[in-house]
Amino acid sequence: MSKKNKIYWFEGVTEKGVKSLLTDENSKYRWLRSQRNRRILVVLMALGTALVAAGSYWPTLKTNSNLSDGTSVVIYSVTAIFAIFAVLLGYLFLRISVRGIADAPDELLDERQIKIRDTSFRYAYYGFGYIVLVLLLLMNIGPEVKLFQPEGNDGSYLIISMMFLCAALPSMILAWRERDI
């Protein structure tokens, strides 16, 4: 492998990819870079992750074929799976809109960009900590209220939603706060 395109495994980026986003070689994505469009992306990502988290409550298809142990097969909602792919696409657009600054390693950024990135990480994980705290409190009182226990809920959509939120929140904060990236 040539040194021209170093892979940063922990950050999930390549040197060539980050440099192309930072130098604005991808002029076809300029429409994503205005503050208004970035904020629209942030709102859509927040709604998308909330829809994915609610995926356990969406109607599922149950077959009437009883298995030998008396259980029936559950087919999960196709709509929730489409919501997951929509959030993934939104996340990719969000990364492009903030020029990959939230995911870039220090050696590819200047001091101003490093400071902006570090500030967005600080606020992102403050917010993420509060979201996790609220979810833990709701899950603690949920069984008595029957809030978080629909039939067949294994929490998988909530876990997927939290993984998306964990990955996207620094870019979301960066996209919302910065005027010109």
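## Nonpolar core

The largest nonpolar core of this chain holds 36 residues, and Met45, Leu94 and Met172 have the most contacts inside it. At least two residues of this core come from each of helix H1 (15–22), helix H2 (35–53), helix H3 (78–97), helix H4 (111–145) and helix H5 (156–177). H5 gives the largest share, 10 residues. The model is a predicted one.

Leaving aside residues up to four places away in sequence, methionine 172 touches Val42, Met45, Ala46, Leu94 and Leu165.

## Packing of H3 and H5

The axes of H3 and H5 are 10 Å apart, and the two helices pack at an angle of about 20°. Because angles under 35 degrees count as roughly parallel, H3 is roughly parallel to H5. Their crossing is left-handed.

On the H3 side, the contact is made by Ala80, Ile81, Ile84, Val87, Leu88, Tyr91, Leu94 and Arg95. On the H5 side are Tyr157, Ile160, Phe164, Ala167, Ala168, Ser171, Met172 and Ala175. By class, the residues of this contact are 14 nonpolar, one polar and one charged.

## Helix H1 and its end

Glu15, Val18, Ser20 and Leu21 are the buried residues of H1. Their cover includes strand E1 (7–8), strand E2 (13–14) and H3. Just after H1, aspartate 24 has a positive phi of about 65°.

## Threonine 49 in H2

Threonine 49 lies in helix H2. Is threonine 49 buried or exposed? Its relative accessible area is 7%, and since buried means under 20%, threonine 49 is buried.

Not counting residues up to four places away in sequence, threonine 49 touches Val87, Ser161, Phe164 and Leu165. Among these, Val87 of H3 and Phe164 of H5 also take part in the contact between those two helices.

## Isoleucine 96 in H3

Isoleucine 96 belongs to helix H3. With a relative accessibility of 16%, isoleucine 96 counts as buried. Which residues does isoleucine 96 touch, not counting those up to four places away in sequence? They are Leu21, Tyr29, Leu32 and Arg33. Leu21 is itself one of the buried residues of H1.

Isoleucine 96 and arginine 38 are 58 residues apart along the chain, and their C-alpha atoms are separated by 10.0 Å.

Definitions and conventions. Residues numbered from 1 in each chain as written. Predicted model: local features only at pLDDT ≥ 70, side-chain atom pairs only at ≥ 80, totals over all residues. Heavy atoms only, no water. Core = buried A, V, L, I, M, F, W, Y, C linked by side-chain atoms within 4.5 Å. Buried < 20%, exposed > 50% of the residue type's maximum accessible area, 1.4 Å probe, protein only. Helix = DSSP H or I, 4+ residues; strand = E, 2+ residues; numbered from the N terminus. Contact = heavy atoms within 4.5 Å. Axes fitted to C-alpha atoms, helices over the stretch in contact; angles between N-to-C directions. Parallel < 35°, antiparallel > 145°, perpendicular 65-115°, else oblique. Left-handed = near helix turned anticlockwise from the far one by under 90°. Nonpolar A, V, L, I, M, F, W, Y, C, P; charged D, E, K, R; others polar.
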